[in-house]
Amino acid sequence: MRSEKIVLNETLYSSVKWSKIIKRGQSIKLKALGENASLSAMFYNASNVSERFNSADTVKIQWNAFLGKEKVLFSEMGRVLFSISKDSTDGLLDTLGGISNPRLIKENFEGDATFESCRNGYFKSDRENFLIELGKYGMGKKDMIPALNLFRKVDVKEGSLLELNPRCAKKGDFIELTAHMDVLLVLSNTPHAMDKGEYNPSDVEITIFDAVEFKNEDYTNYSDEAKRGFKNTNRYFA
Amino acid sequence: MTKKIENTIYNEKLKSGLPWSGVIKKGQRFRIVDLEGCQAVDTLFYNNDDFSEKYSPTDTIREQGSIFITTGTKLISSDDNVMMEVVEDTCGNHDTLGGHCSAESNSVRFGLDKRYMHSCRDNYLTLVGELEMSPKDISNNINFFMNVPVEENGHLAIVDGISNPGDYVEMVAKMDTLVLISNCPQLNNPCNGYNPTPIQILIWEN
């Protein structure tokens, strides 16, 4: 059970980057404040950033390319960085599409929205956002990983073809992640890398709940694979 | 120049379970042969002049709109450049999603007692150690000859391989590319038919 005590509540504005260490036992709730939410996330063991989210292990271990409630997000060390403890979006998560870069933003969105023409409303890309935010922790290009995208999903059609699912999160939809290690979480609030049209990612409300001690019943609804991941994680903190 | 075996500048067999590294210069052709069939060849690519630029699985599959590597696939780097282009493929459908096995993921997938077994990540850690690279350089790799179908509901599994003895995949380097290979030692699933086997690596000047 997570705590009801809120330790941080703030808004991640459209197109902006964000980072924070989410402590073991804390939960972070990400709530869409509009109809066009789209976040990209990269995350790391805060105590050893060479341990990081591994999308390949995450989908392979859990036998599914898609993620949702009660799936876990593994590092390459067989440990659980986050569990997806709540999800009102019914699986609007993606590890296939990757992140946007300046070329994609220019190709996919109309308007020449530079800083000179738009000041702080310029069209930022994930790549720029992540490089800047990672730099604050002494990290850089080598630390950019295949990202977790939240509030959008990429379908695999006919066994291989990638398509951005048109469904978006509704206003008020949320995804809640529970940290099982101290996790450095970096977020970029920009359109999905396969999105086109209007550059208008919604603001997202961030709420962090106080840390709890994990109990065995917290793991009940998770798969055997996830449970072994929790064991590996608890071993790390023994 | 005709592409005959005697014209190769490199032609070596790599035994099962072993790591390999080599630089493929711009314009050179690089072939991996699955000698006995149903082997998984875990492969990573780096710009040889700047290892921080590396093969990006997400950029590669998004740009081509498909999760599989086959003839015509351009391997895209994390800096949005083409590293390699696949020009021949007698197998088809090489995997981009499954990543590599490790002691730690084996412990989660197959049981905590499987931690001791040899793995691709051990091979990669050996290579990045020898080359004075960093574990941070190890990202999601391509699994040549590994068969990972994905269903509409996302269900994904590493299933029996479809490569026959002698099947090969061949690429042309578009930049000087460092290649790291782990000839997969996994014994717990059908990625290599529960029986890791040798591969052949060939390089031609173009």
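Modeller: Here is a quick tour, starting with the interface and ending with the separate chains.

Modeller: First, the ground rules: this is a predicted model, so local features need pLDDT of at least 70 and side-chain atom pairs count only at pLDDT 80 or more, while totals for chains, interfaces and linings use all residues. Residues are numbered from 1 along each chain as its sequence is written, and chains are lettered from A and ligands numbered from 1 in the order in which they are written.

Biologist: Fine. How many residues of chain B are in contact with chain A?

Modeller: 36 residues of chain B are in contact with 38 of chain A; contact means C-beta atoms, placed from the backbone, within 7 Å. On the chain B side, helix H1 (57-64) and helix H2 (103-110) each supply at least two residues. Helices here are DSSP runs of H or I with at least four residues, strands are E runs of at least two, and both are numbered from the N terminus.

Biologist: And how does that side of chain B divide, nonpolar, polar and charged?

Modeller: 12 nonpolar, 16 polar and eight charged. Ala, Val, Leu, Ile, Met, Phe, Trp, Tyr, Cys and Pro count as nonpolar, Asp, Glu, Lys and Arg as charged, and the others, Gly among them, as polar.

Biologist: What do H5(A) and H2(B) do at their crossing?

Modeller: The axes of H5(A), residues 224-236, and H2(B) come within 7 Å and cross at roughly 135 degrees. Axes are lines fitted to C-alpha atoms over the stretch in contact, with angles from 0 to 180 degrees between N-to-C directions. H5(A) and H2(B) are therefore oblique to each other: under 35 degrees counts as roughly parallel, over 145 as roughly antiparallel, 65 to 115 as roughly perpendicular, and the rest as oblique.

Biologist: Which residues in H5(A) and H2(B) meet?

Modeller: Glu225(A), Arg228(A), Gly229(A) and Asn232(A) meet Glu104(B), Ser107(B), Val108(B) and Arg109(B).

Biologist: Is H2(B) mostly covered or mostly open, and what covers its buried residues?

Modeller: Mostly covered, with six of its eight residues buried. Buried means 20 or more other C-beta atoms within 10 Å of the residue's own, exposed means 12 or fewer, and partly exposed is in between, with C-beta atoms placed from the backbone. Among the buried ones are Ser105(B) and Asn106(B), and the cover includes H1 (55-61) and H5 of chain A. Just after H2(B), Gly111(B) takes a positive phi of about 130 degrees.

Biologist: Switching topic: which residues have the most contacts inside the largest nonpolar core?

Modeller: Ala41(A), Met42(A), Phe43(A), Val183(A) and Val186(A), in a core of 111 residues. A core is a set of buried Ala, Val, Leu, Ile, Met, Phe, Trp, Tyr and Cys residues joined through C-beta atoms within 7 Å. Leaving out residues up to four places away in sequence, Val183(A) touches several, including Ile21(A), Phe43(A) and Leu81(A).

Biologist: And the chains on their own?

Modeller: Chain A has five helices and 13 strands, and 50% of its 238 residues are buried. Chain B has three helices and 11 strands. The radius of gyration of chain B is 16 Å, close to the 17 Å from the globule rule for 206 residues, so chain B is as compact as a globular protein of that length. That radius is taken over C-alpha atoms, and the rule is 2.2 Å times the number of residues to the power 0.38.

Key: Two residues are in contact if their C-beta atoms, placed from the backbone, lie within 7 Å.
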